[in-house]
Every structure is written in structure tokens, then in C-alpha cells.
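Take a look at the structure below. This report walks through one chain and the contact it makes with its partner.

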Amino acid sequence: VTLAEVPVRTAVVIHALALPPGERRRLTELGLRHGARIEVLRRAPFGGPLALRVGSALFALRLAQAAQVAVRPEPGDG
Amino acid sequence: MAEACHAGRGRPTAVADAGVALRVALAGNPNVGKTSLFNRLTGSRQHVGNWPGKTIERRTGTCRFVGRGGPAEVAFVDLPGTYSLAASSPEEVVAEQALTGGEVDVVATVLDTTNLERNLYLAAQVAELGVRQVLVLNLSDAARAEGVRADAERLAAAFGVPVVRTAARTGEGVDDLLTVLGDAARPTVRVDYGSALEAELAALETLLTATPADPATWRWLALKLLEGDPTTRTVVAGLPAGVTVVAAAEAAIGRLRAVEGVDPALLVADRRYAWAHHLASQVTVRAPAGRPRTDRLDDVLTHPWFGVPILLALMWLVFTLVVEVAAPFVGWIEAFVAGPLRTGGAAVFGTLGLGGSWVEGLVLGGALAGVGAVLVFVPVLALLYVALGVLEDSGYLARAAYLMDRVMAPIGLSGKSFLPLLLGFGCNVPAVYATRVLERRRERVLTALLLPFVSCAARLPVYVLLASVFFPTWRGTVVFAMYVVSIVTVLGFGAVLDRLLLREERGGSFVLELPSYRTPSPRVLGRYVQQRVGAFVRNAGTVILGASVLVWVLLAIPVGGGGGRFADVPLEDSAFAAASSVVAPALAPAGLGSWEMAGTLLSGMVAKEVVVATLWQVHAPQDGSDDDRAEDAEGESGLSGPLRASLAASSGGHPGPAAAALLVFVLLYVPCVATVAAIRQELGGRWAALSVGMSLTVAWLAATAVFQGGRLLGTLAGMG
């Protein structure tokens with residue numbers, strides 16, 4: 001599953017980031033890295049960005065980028 | 001004991017650089033209260049400029065501090081807020097250069113206590129630079145409110161540097177920070193990058209011993225080389241014995257890629273973050289709390305359905321605040337400049353025996369008018385900055401960007417550009433200044449270059465006048481069409497500029513932090529407004545004043561056979577008219593090739609408000625009393641006949657298409673000197689020149705297309 005498909009108010013774990021190295025590094029520096037637990041909080045209207053909780057910070061990420069992030073359900077969530 | 005610092009506030013003293021005992025840089029992530037802290041530390045003794053060659057704000061200031069060694073002057077520089085020192089944005093380059101350039105003795109890394117993990121990532125990087133450091137646990141008031149406790153002692157032990165707790169909003173801990181600066185130490189912390197990376201690092205550090213590089217920077221240089229940073233590569237290659245190091249690093253990168261399967265740069269970032277994550281979990285205790293206030297506010301403010309209507313309502317409020325509340329002040333200033341100031345000035349000249357002389361004309365008609373043109377912007381800008389400051393500091397601006405991002409993405413901008421562009425419909429000048437809220441330089445440049453095409457309120461009277469005279473039945477539609485043309489131009493041209501300009505900074509990931517909501521501090525807001533308005537008067541003000549004087553002089557110089565004296569020339573005999581005649585042929589393809597039209601457009605570059613006035617002056621000078629003008633600008637125009645005749649003459653008998661071309665030209669060409677001055681102040685002279693060239697070209701092309709197209713249609717219709 002990619003991050004773009006995750007329903008709102010769901011916590012997931014990042015599994016792989018299929019982004020160019022520069023962008024991947026930028027996301028890593030913000031905590032969006034392999035193995036990180038993140039939560040999709042909201043979606044902006046008209047296919048706008050996703051609002052995510054990463055650690056204790058909130059970020060908005062565009063859908064095009066979110067589609068490059070593979071995630072899996074949080075362990076214990078099934 | 002740092003009271004001396006606070007006492008010094010409000011009476012800035014000139015400080016020679018030699019008197020500075022300690023130079024301190026404030027580093028940190030965006031939204032950690034760095035600038036509030038800087039304001040607390042330096043009070044009014046600060047200076048805002050730009051980093052050399054960059055359009056990034058550079059804030060410096062000093063603080064007189066009585067420490068153990070007696071009174072001392074501490075100089076502060078507020079670095080741009082960054083998440084990293086990876087040199088992947090101009091802000092990061094600036095921050096890194098400032099920290100490694102030897103201009104700084106101590107770095108105070110400001111951390112958001114509520115969000116240590118990400119903040120410690122940057123702190124670890126700063127530590128690797130080998131510069132003396134202290135850590136500042138800021139936002140400790142917010143942390144208390146959220147039930148987050150950070151163990152300062154453990155953090156200090158981990159980094160080997162002093163740690164202080166502050167709350168910049170209230171001033172808590174600021175004195176402690178000053179006291180502790182003297183104890184700043186080189187960090188002893190070492191991030192463990194794993195055996196493969198560490199082995200390569202150790203090998204490179206050994207090779208670096210042969211170079212004259214400072215031992216404290218070896219690890220940093222080795223890391224940067226493994227990350228493939230081109231600047232570091234060039235610097236190290238330039239050192240004696242440096243070429244060997246660079247070659248070894250290249251080989252190491254290849255080995256690491258083979259062993260670990262990813263780019264070493266990524267590996268470094270990932271391991272460093274893992275380290276920060278681990279340390280943060282060790283030093284932070286989080287009391288179980290209900291849903292944070294920020295979440296509850298976001299439920300409403302970023303609601304999928306209500307979010308956008310709320311945003312538009314707030315924007316309307318800002319708009320109204322800026323335009324309506326400023327209006328009476330603008331009125332007072334205009335009345336004061338035109339009334340008491342002018343009368344007083346005239347009286348002074350009278351006393352000096354210069355009454356009615358050209359000197360009086362120059363000062364009162366040129367300079368004073370210019371001063372007035374500068375001052376009328378002050379209330380507007382002050383209110384704009386209050387509104388912007390509140391929106392930004394409260395955390396709402398990031399939400400607005402989140403909501404509008406989808407709309408702006410097709411033209412290479414992010415949601416944050418929405419606000420400046422919207423403000424542009426009111427007035428382009430404050431809108432250009434509003435581009436400051438954009439973090440990335442590329443976005444600031446693109447937005448500022450698009451703004452002149454946003455139809456500001458001052459263009460509306462021109463539309464109304466021309467539409468009433470030439471297209472009376474379609475008046476409303478024509479005016480509406482101008483706004484459609486404006487929006488279409490912004491979107492279309494935005495897509496073009498996005499592909500042409502600053503391509504190297506294009507793309508990159510759009511990740512927008514949504515900071516926690518906080519109550520803005522009136523103190524920080526006040527200082528912000530004061531600095532911005534001051535900078536406008538100093539920078540843009542000079543340009544506007546100069547332009548006003550220039551136009552007056554051109555109008556005053558007699559040229560040709562009319563036989564006028566200096567400052568007493570009929571308009572058509574002035575240098576202004578002569579200059580207009582020179583320009584006129586260039587406007588002929590758009591059907592506007594007469595000196596009257598060229599002159600109108602030239603004067604419109606000073607301000608669009610002038611266009612209607614000049615149309616009057618050049619077409620009906622004999623009965624152009626102010627009362628008639630105000631009445632007639634509404635439509636039932638005594639100007640109607642002469643204007644039709646004039647446009648018919650300038651277009652070879654096609655006044656309709658020429659009027660349409662004039663409308664388009666007025667919409668698209670240089671909005672006013674004040675906007676150009678603002679762009680110059682924000683982005684520099686070259687971008688301002690590009691903006692002028694671009695808008696003139698676009699306006700000319702569009703107006704020519706409209707005129708020629710209109711003429712062709714007219715001919716076809718006539719034949720059929």
C-alpha cells in the first residue's frame with residue numbers, strides 16, 4: 001500500500017521510499033524515514049496534500065510524493 | 001545580572017566591531033522561536049539586511065552584558081531556520097557558510113522542546129562542525145502546557161555542552177542563556193554511523209591529518225565528502241594533500257554504495273536521525289494528554305469542507321482590514337500633505353522670496369508629491385504586516401498553504417503563494433512584501449514576478465472610464481473580462497516562468513510543516529511591523545520619491561517652439577511630451593501610436609491612479625477642473641468625444657480595438673514604480689529589471705494582438 005491510499009486517521013509504518021535521493025534525504029531529515037511510524041490525519045480538498053503526524057510534528061505532503069512512499073499497517077493493528 | 005542588556009534597550013548605541021567580545025549565531029529549525037529569542041536578546045539594537053548575494057534576510061544585533069569578566073558586548077546573528085545543513089536550499093547554504101566561515105565564536109542551537117527528535121538532528125550536525133556550542137531548550141512554556149518534560153542535564157551530558165531552558169515569548173531563561181554563553185564548549189557528542197561508515201570516516205580523517213584543515217573539522221569534512229557535497233569536494237581538493245583525500249572519498253562512496261545498497265548521503269541522514277530519535281526518547285518524558293489543542297483547532301480550520309470557506313472569510317477580513325481600516329489614515333495623510341504641509345511650504349518659499357518660482361514648484365510639486373506617494377503606503381503596509389504577522393506566528397498561514405496547495409501546484413508554486421497573489425488584487429506593493437512568507441527563494445521570485453499581472457484596485461478606475469466611453473452597453477462585462485485576463489495571464493505566464501526560471505531550484509519535495517498553533521506575541525509583532533515599514537520608507541521610498549521628481553522635471557522642461565519657460569510650459573511643449581513622441585511609434589502596432597497615449601502610459605508607470613488624470617490633462621486641458629474630473633470619470637464624460645477622436649487618430653480609424661488594446665496594456669504593463677521598487681528591495685535590481693522588461697513585453701504583445709485581431713474582425717464584419 002502507498003501512503004496516498006491510507007485512509008484518514010490511520011497509523012502506518014514506512015516501509016520504503018521510492019523517491020529520488022535528494023527528496024528521500026529531505027524526507028528523512030524530517031523524520032519520514034524507513035521504519036518511522038506516521039499517522040494520516042487529514043486530506044486537503046480536491047486532491048490536495050495529506051496532513052501527517054510524524055513523531056510530535058505535523059507535516060503536509062503532496063499526494064504525488066505520498067504515492068512514492070510504501071507503508072504497511074502498524075504492527076498490532078492487524 | 002544580564003539586566004544591563006535589557007537596560008540598553010531603546011537607546012541604541014553605535015558599537016564598533018572591535019568592542020564585540022563574543023560573536024554568537026542562533027541556529028535552529030523553522031518555527032522554534034529563534035527570532036523571538038533574537039528579539040529578546042538584542043531588543044532595538046538590531047539590524048536587518050540580506051546575506052551577501054542572497055535574498056535571504058540577515059538579522060544581526062548586539063547586547064551589552066555584564067558577565068563575570070565585566071561588561072561585554074555580545075553580537076548575535078539569526079541564521080535562517082533550516083531542518084538540516086545539507087546545502088540543499090539557499091537557506092541551508094547560508095547557514096552552513098556562516099557557521100563554517102569563522103565569523104562565529106559560539107553557536108546557540110535553539111530547540112523546540114516539544115519536538116526534540118527532529119531538532120536534535122540539526123543539533124547533531126552543528127555539533128559535527130566542531131564549533132563551540134550551547135543548546136537552548138526553547139518553547140519550554142509550550143512544553144509545560146503539553147505535558148512534555150525534557151531532561152536538560154541528560155542532554156548536556158550527551159552533547160558535552162551547556163543546556164539552558166528558555167521561553168522566548170515570556171523572556172524566561174534569556175538571562176541564563178547569556179550567562180552560559182561563556183561556558184560554550186566544543187561538543188563531545190559522536191553520532192555512531194555504523195561500522196561500515198565509521199571505518200570509511202576514520203580512514204578519511206587519517207588522510208585529512210596531512211592537510212592543514214583544523215582537526216576539529218575533520219569529521220565534518222569526512223562526512224561531507226562521503227555525502228558527495230560538491231562544495232566540500234572543491235574546498236578539500238584545494239588544500240595541500242587534499243586531492244588524495246577527495247579521491248579516497250570517491251572510492252569510499254563507491255564501496256559504501258555496494259555494501260549498503262544506498263547512497264552514503266542517505267545512509268548518513270538515516271543513521272543521524274535514528275540517533276536523534278533514540279536520544280530524544282531518552283531525554284523526553286511525555287505525560288499522557290488528551291488530544292492536543294492544535295488537533296482540535298485543525299478539525300475546524302482544515303476541515304475538508306469548511307476549511308476553504310473559513311480561509312476565504314479570513315482573507316476577506318485581511319483584505320478589508322488592510323484597505324478599509326487604512327483608508328481614513330490614507331485620507332488624513334493625503335489631506336495633510338496637500339493641505340498644511342503644502343501651504344506651510346508655500347509660506348516658507350514666500351518668505352524666502354521664492355514664491356511661484358520653479359524651486360517652489362520642484363519642491364512642492366515634485367518632491368512633496370513624492371513624499372505623499374510614499375507616506376500613503378505606510379498605513380496600508382503597517383496593517384498588512386500586522387495581519388501577516390498574526391497569520392504567520394499563529395501557525396494559520398501554514399494551514400492556508402495546505403488548503404490552497406492544489407490550486408497553486410500547476411504553476412510551480414505552493415499553497416503559500418496564494419496569500420500574496422490574493423493581496424495583489426488590492427495593491428501589488430504590499431503583496432510583493434508578503435512574498436517574504438515564502439520559504440523558498442524560487443517561490444518568492446516566481447510569485448513576485450507574477451504579481452504585476454494581478455489587477456490591483458488602482459487599475460479599476462481606468463477600466464471603468466474606458467469601458468464607459470467605448471463599450472457602454474458591455475461596461476460590466478468588459479471590467480469583469482479584465483479580471484479574467486489578469487487571472488489567465490497569471491496562470492499561463494506562471495506555467496511558462498516555472499519552466500524557464502531558476503530551474504536548478506525547481507521541484508524538490510514539497511513538505512510543509514504545520515506548526516502548533518500559538519498566540520502571537522505583540523512584542524515580536526510590533527518589532528516586525530516597525531522594521532518592515534521602516535525598510536519600505538528607506539528603500540522603496542527613495543525610488544518613488546526619485547520618480548516623482550523626475551516626472552515633474554520632465555513636465556517642466558520646455559522643448560520645441562511653444563516658447564514656454566522652465567516650469568511654465570504647456571504640456572504638449574514639455575520634455576515629457578517630447579519623450580512620449582519618441583516612444584509613440586513603438587506603440588503604433590497596438591493602435592496607440594500618439595504622444596497623448598504614450599504619455600498617458602508613461603505617466604501610468606508612476607502610479608496607475610495617474611492614468612485617468614493624464615488622460616484628462618492631454619485631452620481636455622482647458623476645462624479640467626478637479627470637480628469635473630471626479631464627476632466625469634464615472635462615465636457621462638466630457639472626455640468621451642476627445643478621447644474617441646484621439647484613439648481614432650492614434651489607430652488609423654479603429655478606436656474600438658485601440659481602446660481594447662489600451663485596456664489590456666494598462667492591465668499588463670509595469671504596475672507602478674512603487675511595485676518595481678518593492679521588487680528591487682526584495683529580490684534585487686536584476687529581478688526588478690527583468691520584471692519591468694517582461695511586463696512591458698507581455699503588455700505590448702497582448703495589446704498588439706488585441707488591436708490587430710479587433711481590427712481584422714471589424715473589417716470582416718464590415719465586409720459581411
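This is a predicted model: local features need pLDDT of at least 70, side-chain atom pairs count only at pLDDT 80 or more; totals for chains, interfaces and linings use all residues.

How many salt bridges does the rule find across the interface of chain B and chain A? There are seven salt bridges across that interface.

**The interface**

Which elements of chain B give two or more residues to the side that touches chain A? They are α4, α12, α13, α17 and β10 of chain B. The table shows where each one lies.

| Element of chain B | Residues |
|---|---|
| α4(B) | 116-128 |
| α12(B) | 264-283 |
| α13(B) | 293-301 |
| α17(B) | 396-408 |
| β10(B) | 511-513 |

α12(B) gives the most to this side, with six residues.

Now for the extent of the contact. Chain B brings 42 residues to it, and chain A brings 33 residues. The size of an interface is often given as the accessible area lost when the parts come together. Here, about 3300 Å² is buried between chain B and chain A. Carbon and sulfur atoms give 54% of that area. Which residues of chain B lose the most area to chain A? They are Leu266(B), Tyr402(B) and Val511(B). Together they make up 19% of what the chain B side buries.

**Chain B as a whole**

Chain B has 720 residues, and 52% of them are buried. Its secondary structure includes 31 helices and 10 strands. The C-alpha trace of chain B spans about 85 × 70 × 60 Å along its principal axes. Consider contacts in chain B between residues at least 6 apart in sequence. Of these, 72% join residues at least 24 apart.

The accessible surface of chain B comes to about 29300 Å². Carbon and sulfur atoms hold 63% of it.

**A patch on the surface**

Four residues form a nonpolar patch on the surface: Leu321(B), Val325(B), Phe329(B) and Trp332(B). Together they have about 380 Å² of accessible area. Val325(B) sits in helix α14 of chain B, which covers residues 307-351. Why does Val325(B) count as partly exposed? Its relative accessibility is 35%, and partly exposed covers the range between under 20% for buried and over 50% for exposed.

Technical notes. Residues are numbered from 1 along each chain as its sequence is written. Chains are lettered from A and ligands numbered from 1 in the order in which they are written. Side-chain values use heavy atoms; hydrogens and water are left out. Patches are made of residues with over 30% relative accessible area and no salt bridge: like charges are joined within 9 Å, nonpolar side chains (Val, Leu, Ile, Met, Phe, Trp, Tyr) within 5 Å. Accessible areas come from the Shrake-Rupley method with a 1.4 Å probe; for residues, only the protein chains shown count as cover. A salt bridge is a side-chain nitrogen of Lys or Arg within 4 Å of a carboxyl oxygen of Asp or Glu. Helices (H or I, at least four residues) and strands (E, at least two) are DSSP runs, numbered from the N terminus. Buried means under 20% relative accessible area, exposed over 50%, partly exposed in between (1.4 Å probe, protein chains only). Contact means heavy atoms within 4.5 Å. Buried area is the accessible area (1.4 Å probe) that two parts lose on being put together, summed over both.
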